Amino acid sequence: MTTAPAAVYVYGIVPADVEPESNAIGVGDPPGKVEVVRHGEIAALISTLESDRPLGTPDDLTTHAELLDGSAAVAPVLPLRFGAVMTDAEAVENELLEANENEFRSALEQLEGRAQFVIRGRYIENTILRELLDENDRAAQLRDEIRDKPEDATRNARIALGELINQAIEAKRAEDTRRVVSEIERFEPLVNQRDPSHEEEAVHIAVLVELARQKELEETLRGLGEEWDGRVELNLLGPMAAYDFVTKRAPQE
């Protein structure tokens, strides 16, 4: 039986003094051992896998993210895009680290002491609908027109009401996102506003802030969550690698 040739999977770029946790696992089945390839002051987190093994399972994606996020909690990390595979450790050092040494070192210096967090909120459907109907006379009128009437007979009114609600939620989303950004301005974050992934999403932003201020950030959002209790379910995810700000591609094999 012929053994498939090995390849090197690259997760991200870190300072050269970083050591992987003893229990860190990489992609693959069985999971690969996470190791470090170093060049000067920078290094790459890698593991070995069979070169013909297809990537992209949910477990692969989770493993990739967990390794990078765990590293980002203790050291600056430049995440590589999922699926970055190179031929061997020598290629990682020469074609990735040495070829981009100055860029990677500068980026790691800028990330020192910082990590990404994602702030996400979703409107509570009944509450936001009441709010929108209270504020929009035309929407309330359409709601009354279609109440207890057959769907076929009120098709146009239902379409018009749906459009009004969608427009109103977009306006609310923009307003509430500005409110969140205003609340966290004192942390001097970098902010990336993400596209909504759900029609009732209230806010979805990624922020890059100092890790030392994580508790302050949590307290600020907890206070806003209490203010919005019953209206918006607000969540903070992180710390994680700075995917929204510095994700890199590895050279092709």
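Predicted model: local features only at pLDDT ≥ 70, side-chain atom pairs only at ≥ 80, totals over all residues.
Residues are numbered from 1 along each chain as its sequence is written, and side-chain values use heavy atoms, with hydrogens and water left out.

**The sheet**

Select next the 4 strands of the open sheet, which follow the order β7-β8-β6-β9 with antiparallel pairing. At its edges are β7 (190–193) and β9 (232–240), each of which pairs on one side only, and the twist from one strand to the next averages 20°. Two strands are taken to pair if DSSP finds at least two bridges between them.

Going through the pairs in turn, β7 and β8 are antiparallel over 4 bridges, and Val 191 has Val 207 as its bridge partner in β8. Strands β6 and β8 pair in the antiparallel sense over 9 bridges, with Gln 116 opposite Leu 208 in β8. Strand β6 (residues 114–123) also pairs with β9, again in the antiparallel sense, over 7 bridges, and there Tyr 123 stands opposite Val 232 in β9.

Now colour β8 by accessibility: 9 of its 10 residues are buried, so the strand is largely enclosed by the rest of the structure. Here buried means under 20% relative accessible area, exposed means over 50%, and partly exposed lies in between (1.4 Å probe, protein chains only).

While β9 is on the screen, select Pro 239, which has its place in that strand; the peptide bond from Gly 238 to Pro 239 is cis, with omega near 5°.

Ile 124 and Val 232 are 108 residues apart in sequence, yet their C-alpha atoms are 5.6 Å apart in space. Leaving aside neighbours within four places in sequence, Ile 124 is in contact (heavy atoms within 4.5 Å) with Gly 230, Arg 231, Val 232 and Glu 233.

Select α5 (residues 137–146) and show its buried residues, Ala 139, Ala 140, Leu 142 and Ile 146. They cover an arc of only 160° around the axis, which puts them on the same side of α5; the arc is that of the directions from the helix axis to the C-beta atoms. Among the elements that cover these buried residues are α4 (125–135) and α6.

At the start of α5, a side-chain oxygen of Asn 136 reaches to within 3.1 Å of the backbone nitrogen of Arg 138. The helix is followed by Asp 148, whose phi is positive, near 60°.

Bring α6 back into view beside α5: the two helices pack at an angle of about 150°, with their axes 9 Å apart. Residues making this contact include Arg 138, Leu 142 and Ile 146 of α5, and Ala 157, Leu 161 and Leu 164 of α6.

**Along α6 and beyond**

Follow α6 (residues 155–183) to Thr 177, which counts as buried at 4% relative accessibility. Where do the polar atoms of the side chain of Thr 177 find a backbone oxygen, beginning with the one that lies 2.8 Å away? That oxygen belongs to Arg 173, while the backbone oxygen of Ala 202 lies 3.5 Å from a polar atom of the Thr 177 side chain. A polar contact is a pair of N or O atoms within 3.5 Å; within protein, one must be able to donate a hydrogen and the other to accept it, and residues adjacent in sequence count only if both atoms are side-chain atoms. Apart from neighbours within four places in sequence, Thr 177 is in contact with Gln 193, Ala 202, Val 203 and Ile 205.

The last stop is Glu 188, in the loop between α6 and β7. Its phi is near 50°, a positive value in a residue other than glycine, and at 63% relative accessibility Glu 188 counts as exposed.

How values were computed: Axes fitted to C-alpha atoms, helices over the stretch in contact; angles between N-to-C directions.
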